[in-house]
Amino acid sequence: MGHSPSRQNACAGAADPLPSRFARFRRRLRLHRRHSGGGDDSASAKAIAAGEFAGIARIRIVKADMRFKDKFFACLSLGDRTYRTETSDNTQRPVWDSEKKVIVETNGPHIARISVFETNRFSKSTLVGYCEVDLFEMLTKDLDEHSEDLPLLDPSSPNTTVGSITISCYIEDPVETEQSFARRVLAIVDYNEDGTLSLSEFSDLMKAFGNKLAVAKIEELFRQADTNGDGIVDINELAALLADQQEKEPLISNCPVCGEDLGKYDKINDMIHMTLCFDEGTGNQIMTGGFLTDKQASYGWMFKLSEWAHFSTYDVGLHSGSAASHILVFDRRTKRILEEVIDGKIVLSMRALYQSKVGLTLINTGVKDILKNLSEKQGKKMNSPDSAKDIPKFLELFKDQINMDEVKDPIESFKTFNEFFIRGLKPGARPIAYGDQDSIATCAADSRLMAFSSVDESTRLWIKGRKFSIEGLLGTSAHSNALSNGSLVIFRLAPQDYHRFHVPVSGTVEKFVEIPGCLYTVNPIAVNSKYCNVFTENKRVVSIISTSEFGKVAFVAIGATMVGSITFLKNEGDYVQKGDEFGYFSFGGSTVICVFEKDAIHFDADLVANSERSLETLVSVGMTLGVSKRNSRLQVPELQRCSLE
């Protein structure tokens, strides 16, 4: 019969078979982890291509053992995707046995978060426990499949456990991935399910995929598998040939499941895309996908996203205009999308005020003065000894976003709320990337960041105020022609952030210019409004830093609603080193904008890619921002690579 395993016999007797791609994957991961940890084996590091596809990990959420009885479901978050299981029966020991295949890249997201929610008629979708898993650690262990029982941490008290969860994980050999995909494609026309195909069945299937150029090769490929010429071929053997051919010259031009056009990227990405689309055909219990965050998954807010991130063109950032309702940010450290918490009533009031013509009328008839007076009164209140009692409440509100272990002084040392708000951090809490290289700029604040190569880009994607310009932002005293068509980066600080800002570049402070103004909120709902001009109308202080690597850099500290004051710690004429503390904002949210001269800086690729999707990137002081374009001799290091593209 044509399905005899002749190709395997040809390999028999080989003394030392080459390591499998599975074994090579494990070796690459180990080398990558050793280099990332500070190893000095530069030759090994160069052999690892950043972002290289390594395989498909199969993660299975098996069961949990909880401290109480209820209905539970679990969510798995990795990178910009979240998946959820079905809801269990009412039990203390839920069993999901639910699987999801995810892409593993040597330089891609590898910290998976698993969240467990309870749901009943009294408590709808409440987060009760979570854990984080380093997939690299699991997948590099010498086990075909690794299973682990992990403690579930209480989100309100990370030192407390609420139960345990069992997960298993293993990497699928890329060769097996390719052939498994091909077998599943071929099985579409195996109507009698006997594991064989005829030439006519194979031809009909290939023609259905729409690649007319490949039709001539179909018979040749079939005859190659039909070694005994009986006109019937075993699916497994034909699958191996089809997988090889698909990598050399694709026979399939459309995904059979979703209809996506293939060939946009390289051939391996096409195979991965179709493999994930076919996932539901495995017979396993597959987790539901299409969510951005576990919070959205818990309420079923599914977005129209491809399972394979490279094929997604959906702008995941803030919905602008009257539809503005939530803010999503991409955490650069965990490479995961987070949803910024804003009280629903505040969202509604901001939409009414900043996203409507009625709101514009209110602003022009006295709301500006009300916001200013309110902010000044709140600033005075937060400087009073009585305000210290609000510190514990604030910490409780942002319990999972403020790390008190980093704070320089003990909490009892703060005599007012503002003393706590402008808290300093312990030495080393914010390491400065490439501190000895002035050609690399770093992030100025713990913040949500947007980076744009020009004003046109920023107004097209983010700043919707009709009057925004560099000259309007800097004012006539600080503006210069060199900055007119420059690049800009926006650092938006939320109330829970560390509120000291740092110098992003090394140079000399030429001047400070104070510009009085309004105190609109700097929330994206206002920034995305076409009815007001937040950055050019708000109170701000502009400083100009003269540098050898970037030319002149404008550093603009912008006040906002509830911000009592902006304080700088440096003086005109001071030389500042990249990473130095530059100043701080008192109570409230606020923003820093840095303007670079045209063609002076090449922003990190991940920051630009996220900004192009109207998605803010959550960054920390000292992370890389970009590289000077003016130093042609600079050996550009591999900077942060966590793009969603």
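Is Ser439 buried or exposed? Select Ser439 and see: its relative accessibility is 4%, so Ser439 counts as buried (buried is under 20% relative accessible area, exposed over 50%, partly exposed in between, with a 1.4 Å probe and protein chains only). Before moving on, a word on the ground rules. This is a predicted model, where local features need pLDDT of at least 70 and side-chain atom pairs count only at pLDDT 80 or more, while totals for chains, interfaces and linings use all residues. Residues are numbered from 1 along each chain as its sequence is written, and side-chain values use heavy atoms, with hydrogens and water left out.

Stay on Ser439, which sits in the loop between helix H14 (417–421) and S14; helices (H or I, at least four residues) and strands (E, at least two) are DSSP runs, numbered from the N terminus.

Next, pick Asp446, His502 and Ser590, which the unreviewed UniProt entry annotates as "active site" (positions are in the numbering used here, feature names are shortened, and annotations may be inferred rather than shown by experiment). They span 145 residues of sequence yet cluster in space, with a largest C-alpha distance of 14.1 Å.

Zoom in on Asp446, in the loop between strand S14 (440–442) and strand S15 (447–452). Asp446 has 7% relative accessibility, so it is buried. Show its contacts (heavy atoms within 4.5 Å): leaving out residues up to four places away in sequence, they include Leu493, Tyr498 and Val619.

Hop over to Ser590, in strand S24 (residues 590–596). At 0% relative accessibility, Ser590 is buried too.

From S24, colour the whole open sheet: ten strands with mixed pairing, ordered S13-S12-S26-S15-S16-S24-S20-S19-S18-S22 (two strands pair if DSSP finds at least two bridges between them). At the edges are strand S13 (336–340) and strand S22 (575–576), each with a single partner strand, so one side of each has no neighbour in the sheet. For the S22 end, select strand S18 (residues 507–515), which runs antiparallel to S22 and is joined to it by two bridges. Thr508 stands opposite Tyr575 in S22.
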